Amino acid sequence: MLRFPKWFYKWSEDNPTDLKGPGILAGTVASAVAIATIIVVYDNPNRTVDQQTGPRGIGMDVTKFVRDNPQYDPYEETYVAFERVEAEEGTPTAAEAYGDSVVAFGDMDQASFDRLQEAMSAWVGTKVVLYDDGEVDETTLAITENCVEATQYLNDDWDTHNLASAGIGVNCYTCHRGEPTPPGAWFKAGAVNSAAAGWAAVQNRLMVDNTYTASNFTSLPVDYNEVFLLEGASIKVHDLESRVDQQPGDPVWQDAERTFALMNHQSNALNVNCVYCHNTRAFYDPTQVTPQWSITTLAQTMLIDVNQTFYEPRSEVLGREAGKVNCMTCHMGVVRPLNGTDMVAEWPELAAPAE
C-alpha cells in the first residue's frame, strides 16, 4: 500500500478543502515550464526584430515579426545576372557588325552586345533588340533606346539615390521584373466621364489597371501619383495657423487627403510605418525627422524628374499613355530594391552613358 509522508496527512487534516491554490500553482509552474521548453526547442514564434529610425528613448523604431520575413523579396530569388562574354580577338564592335541602326552600346564588342540583348530580353520578359534587325518596328526601337537612356540617367545623374557607384544601381529588371509592363508602374486616373471632372472623380475609385494603388478600396483620391510625382505639386497636410483666415496656396483638406494617400503608398512600397521617416509628435516639423526622411524627399524629386524627362514624353511615341514610376515600381515591398543586389556589376555601360 502506498504511504505518503506524515506531513501530508497532517496538512490534509488542517486543510481538508484547500486544493485550489496548490492546483493553480502546480498548473502555472507546469505551463511555464512547457512554454519555456517550446521556446527553447522551437524558437519563439512571436520573436520580433526592431529597426531604430530616430533618437533613442522616444520609441522611434519599426517593429516586425520575424516570422513574417519582412524583407523577403521573391523577385530577388528569380533574378538572373547574365555574365559578360569574353570576346575573342578580332571580334567586331556592335556598330561594325550591325551598322548605324544600333541605338545603344555601339562600341561594345559584338559577343557582349548579343549577350546583353539576351539579358535584357529575360529581364523585360519579351525580345529586346538594340538595332534594326528587319523585324523590330521603329516605335519599339525608339522605346528601347529611351529605356536605356532612362536606366543610364538613373544610375548616373541619380547615383546619390540608386548607388550604382556603390555596387547597387538599377537595370531593366529593377522595374520590369520579367514582365513587358512593370508590375509596379502606374497610369493616370483621369475622370470617370466628362461630367465627373471634379474632385469626386478621383475618389471612391478602384484602379483595376494598377494593382499597387494604395488608395484602392478607400475614399482617398487616386490621383496622388500624377499630382505629386509627375506634376510636382507641394506635399501639404496642414499648418499651425487658424483656418479662418485662409490664404491662396494654404493647404486644404484635399491636399491632406492626397498626402495621406501618398504616405500610404510609400509605406506599402517599403513595408515600413510612419516613424520610418517622421517623429509622430510633430509630423510638420522637418527638424524632428529621421535621416530616411531626407532620402525619401530626394527620391520624390528623382521620380518627378524621370517621369517628366522620360516616361511622360514616351506617351507621344507610343500613341497611348506610357506607364510611369513611383516608389513601388522599384521597391516592391522592401526597403532596398532586391535587397541591394548589384544590378550593374557585369554591365557598367548601364551605369553611365557613352561619352
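Biologist: Which residues in α10 are buried?
Modeller: This is a predicted model, in which local features need pLDDT of at least 70, side-chain atom pairs count only at pLDDT 80 or more, and totals for chains, interfaces and linings use all residues. Residues are numbered from 1 along each chain as its sequence is written, and side-chain values use heavy atoms, with hydrogens and water left out. Helices are DSSP runs (H or I, at least four residues), numbered from the N terminus, and buried means under 20% relative accessible area with a 1.4 Å probe, protein chains only. In α10, the buried residues are Ala256, Glu257, Arg258, Thr259, Ala261, Leu262, His265, Gln266, Ala269 and Leu270.

Biologist: Which residue follows α10?
Modeller: Helix α10 covers residues 253–270. The residue that follows α10 has a positive phi, near 60°, and it is Asn271.

Biologist: Which residues is Met120 in contact with, beyond its neighbours within four places in sequence?
Modeller: Contact means heavy atoms within 4.5 Å. With those neighbours left aside, Met120 is in contact with Val128, Leu130, Val148 and Cys172.

Biologist: Why does Cys172 count as buried?
Modeller: An unreviewed UniProt entry lists Cys172 with Cys175 and His176 for "binding site", although such annotations may be inferred rather than shown by experiment. Cys172 has its place in helix α8 (residues 172–176), and, not counting residues up to four places away in sequence, Cys172 touches Met120, Trp123, Val124 and Arg177. Cys172 counts as buried because its relative accessibility is 11%.

Biologist: The backbone oxygen of which residue lies 2.9 Å from a polar atom of the side chain of His176?
Modeller: His176 is also found in helix α8, and His176 is buried, with a relative accessible area of 14%. Leaving aside neighbours within four places in sequence, His176 is in contact with Trp123, Val124, Thr181, Pro182 and Pro183. The backbone oxygen lying 2.9 Å from a polar atom of the His176 side chain belongs to Glu179.

Note on methods
Helix = DSSP H or I, 4+ residues; strand = E, 2+ residues; numbered from the N terminus. Buried < 20%, exposed > 50% of the residue type's maximum accessible area, 1.4 Å probe, protein only. Polar contact = N/O pair within 3.5 Å; in protein donor to acceptor, adjacent residues only side chain to side chain. Expected span 1.5 Å × (residues − 1).
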